Amino acid sequence: MRKRVSLALAALLVCAASEAMAARSASRDPVVGLRRLTEQEYRNSIADIFGKDIAVQGMFEPQVRMGGLQSTSAMILSVTPVGFESFSKMADSIAVQVTDEKHRGKLVSCKPKNPKAPDDACAAEFFSHYGLMLFRRPLAANELQARVKLASDMTKSTGDFYNGLHYGLAQLMQSPNFLFRKEAAVKTASGYTLDGFSRATRLSYLMWGSTPDAELLKVAEAGDLNSAAGLEKQVDRLMASPRLEAGMRAFFSDMLELDTFDTVSKDAIIYPKWGGAMAPSAKEETLRSTIDLALHENGDMRDLMTTRKTFVNRSLAALYDVDFTFDNDWMPYEFPVNSGRSGIVTQVSMLSMFSHPGQSSPTKRGVAVMDIFLCEPTPTPPANVDFSIINDTHGALKTVRERLMAHATTATCASCHNHSDPIGLSLEGFDTIGQRRLTENSTPIDLSAKIGSKNFKDGTGLGQYLHDNPKYPACLARKLYAFGTGVNSEDVETSTFKSAYKSFIDSGFRMRALLKGMVESPDFFNTPAPAEEASAGQLTKLASQKR
Amino acid sequence: MDRRKLLRGMFQGSAAVVGVPFLDCFLDSKGQALAATGQRLPTRFSTFFFGLGLTTKLWVPQKTGLDYDTTIQLKPLEAFKKKMNVFSGMRVMVDDNPNFQHWSGNAAIVTGIAPTKNAQFDSKTIDQTIADVISRGSRFKTVAAAASGDPKHCYSSLGGANTLPAEPTPMSLYKRLFGPGFQDPSRGDWKPDPQVMLQQSVLSVVSDERKDFMKDLGPADKARMEQYFTSVRESELQIAAELQRPEIVAKVTIPADPGEMVVNYALPNVRVATPLMAKLGALAMATDQTRVFNLAISEPGSNIFVPGDPLGYHITTHMEAIDLTLGYQPKVAEYNIYSMELLASMLKELDAIPEGDGTLLDHSLTMAYSDQSYAKIHAVDGIPIFLAGNASGRMKTGFHIAGGGAPVSRVGLTVQKAMGLGVDGWGKGSMETKSLYTELLA
């Protein structure tokens, strides 16, 4: 009898949900974006939905960098068999933890009538809640029903209600609806714009680097994110949350290409100081100092190029040759004026990532600075280039500068090298692992550089050059827009982030102002026409031309 | 006592033998090798990728056909001369597409198509095409490993920008193959794991979402999601395979977990990781965990370096001067030899596993290839390609084939034929070919 009642209850729940969904599915919106969750987004989402003590262990498929950002590749990558196998195992291990005896009291909101038998009402409650959180929209009736049935079958096979929940939950996390952020658009008078849930998702993954919380989803469902006032209220709430730091860490980590460290090898014979702890330390230094300026100090983002303030830990202190007098892991530190260090381009991270294993590379450094901070990617060099003269350290050309200058006299090379090399040459005062040096092969290093009509000298001069270069803040705004929308930064129209950029300038280049200006501008949620429609439109055009 | 524990325990001290040794009575009337269960051994396929090619002057033999001369750079492979074929002078025709540096060459070899986009494949790669046919019933459709530690170093793809991630360390490769889920075929009390059966039901619900999920997608996203649901399907097949008692029982030793080690571009580390990974791959093929194994020692444009060399392999190919007396780049030539030594170390592992009338190498085909022929100028004509193993008797070996400008796709087509695929032609544009190296096919 009891069983029949609970089944009836579940059926009722499912029916109610299906009615609500009927309206939704009748007018399904075209999908304009499908973005595979990045590793960080996956980890943050799981932590926010289930709690930080749920371990996420496994391999994530690599991404590729496009238009200066890895996140952009989330728009074109799929899931390979190896990747799915890993997602599958991860999902299972997370679901086991969520439903184990330690966590079920907190994470499973209802109790089954009999822990050894199916309880569809309790299962429906469980899957409705986590389905909403994981799919970033409510489950449709048939979707809910499929999980309730799966849980029920599994409970019967294993004689354990919680095991049923475990399998149903694992399934939710293997679904493309979780692994991909689906962005759907609705038609407006002037084009297409994201629907409520897609807005909430785009907003949350940009600002928090994670899944929207219950409140944001509720507001999205009510349609409040479509009004300027409703949107602003939520943006301010997201902005005030400590989670903002996670979002901005994800952005800067991507923009500053800090993943490069995952595969940097340094020559231990030439540079024994480069130990295993160095790469993660250097990465953390850069993130810490950037976040400190951008969020904690609410500083002028142009100062990122000139500030002598940073954070060091014990291993970095050794490399920077400064005393480490601190009990904790990280110590705030300000380099002295004559240290040669100023701004992010003179940090160990930037200097070592863009170098060879045992030798600095002005070209690599120059190309990286142009690409990362000025949004000016350098074309691939022509296939047939003879570099031999610049590598003969025993010949007449003693320093890298002399060797580079020799080949930059060739017209084909010069067109690119004249752009990037001066930047890299001004950083030659630092070796491949970022230690300061004054000579190379016993010859004093000339750190002067000239770009266009601007003359400068060394890392400090380069920092000032970048600080004063309007291309840098514009590039930062462009990359933030690309990171948020998934559009390749090279294809981003300047007009789409114009108003955000204006807020950025008006605020004195504060990151928060840029972010707020960006997400509150209608352009942030507007999208081009869906692909099918575009091609249909083109066909019509063609047909009419034929006529 | 648990037999697997016993085996592991024994290995701490010495070796253990898994399975029953092959005996002549396991050979069928044609002398074909059979597994202990009487099942014919499948022909397995592997690839070996090495970046930056070789030095033409030092590797291309003068003579063609059988009994060609062993050149300086082929010297490390001498032990396998009779068991392999060498292809020189094969062309990559890019047609109207750019020659993407360190990409067009290797992509063309594995797809028969000059890539239209950098770092993307214009079709499924050859190992996947072969796996579609030969891998049914084995646990993993394909397995890949990257000996300098970057999971991106894998040139196996279902098409597009996605490549199947490689296992970046011997330990991760070991865990994938012989960790949880590994079914020791020789266990007397073998029975299907009930947990695995339950996973099947979970996956079928994922598959059921396909129709609904695809509904509102544009064409590009539809293609991406086809790959996703293919991956789901492969997981289902993997589970189905795990529920079957493996039929192939080999005379091999499953070693202990190799443990943590530094895996990066430093040559001494690559020299440790390569044979270790090759061994694990070989064991995986011998025990039918997979029938397709891809090993890359680096990316195209290899960043491998010899400690003490400040520039490393790739930059050296561009920056080192040609020695006017020698007529080549001496340091680059040394790096080339390291690649051949590493290839030899893989072949050695395949050849070390006895199977019926021969070794695993004899019952498989390994395609070794690179991204450039002359890396200094990013040339793609004459990229070295080697085929080792005689594919269970279907490929004759010991030849040097001078391609004379024939498209690289001829090698790929011949490989597929030798692997038993019913293909008539392969490749696109100028590289579309129906021309097999019939002289190599038995």
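Author: Gladly! Please keep in mind that this is a predicted model. Let's begin with chain A: of its 547 residues, 56% are buried. Chain A has 24 helices and 10 strands.

Reader: Let me try a helix, then. Which residues of helix H22 in chain A are buried?

Author: Look at residues 498-506, which form H22(A): A:Ala500, A:Tyr501 and A:Phe504 are buried there. Because these three cover an arc of only 100° around the axis, they sit on the same side of H22(A).

Reader: Now a sheet, please. In what order do the strands of the open sheet in chain B come?

Author: The order of its 8 strands is E2-E10-E3-E9-E8-E1-E5-E4, and the pairing is mixed. At the edges are strand E2 (65-66) and strand E4 (143-146) of chain B, each pairing on one side only.

Reader: How do I follow one strand to its neighbours?

Author: Take strand E1 of chain B, residues 44-49, which runs parallel to strand E8 (residues 364-369) and is joined to it by 6 bridges. One pair to find is B:Phe45 with its bridge partner B:Leu365 in E8(B). E1(B) also pairs with E5(B), again in the parallel sense, over 5 bridges. Here B:Thr47 has B:Asn294 of E5(B) as its bridge partner. From E5(B) you can go on to E4(B): these two run parallel and are joined by 4 bridges. B:Ala146 and its bridge partner in E5(B), B:Ala296, are a pair to look for.

Reader: Which way do the side chains of a strand point?

Author: In a regular strand they alternate between the two faces of the sheet. In E5(B), B:Val292, B:Asn294 and B:Ala296 point one way, B:Phe293 and B:Leu295 point the other way, and all are buried. Since 5 of the 5 residues of E5(B), residues 292-296, are buried, this strand is largely enclosed by the rest of the structure.

Reader: Which helix lies across E1, E8 and strand E9 of chain B?

Author: That is helix H3 of chain B, residues 104-111, and it runs at about 160° to E8(B).

Reader: My last topic is the place where the two chains meet. How is the size of an interface described?

Author: It is often given as the accessible area lost when the parts come together. Between chain B and chain A the buried area is about 5,400 Å², with 60% of it from carbon and sulfur atoms. On the chain B side, B:Asp216, B:Arg224 and B:Tyr228 lose the most area to chain A, together 13% of what that side buries. The contact takes 64 residues from chain A and 58 residues from chain B.

Reader: How many salt bridges does the rule find across this interface?

Author: It finds 2 salt bridges between chain B and chain A. For a salt bridge to view on your screen, go to A:Glu85 and B:Arg176, whose side chains meet at 2.6 Å, N to O.

Definitions and conventions: Residues numbered from 1 in each chain as written. Chains lettered and ligands numbered in written order. Predicted model: local features only at pLDDT ≥ 70, side-chain atom pairs only at ≥ 80, totals over all residues. Heavy atoms only, no water. Pairing = 2+ DSSP bridges. Contact = heavy atoms within 4.5 Å. Axes fitted to C-alpha atoms, helices over the stretch in contact; angles between N-to-C directions. Buried < 20%, exposed > 50% of the residue type's maximum accessible area, 1.4 Å probe, protein only. Arc of directions from axis to C-beta. Buried area = accessible area lost by both parts, 1.4 Å probe. Salt bridge = Lys/Arg side-chain N within 4 Å of Asp/Glu carboxyl O.
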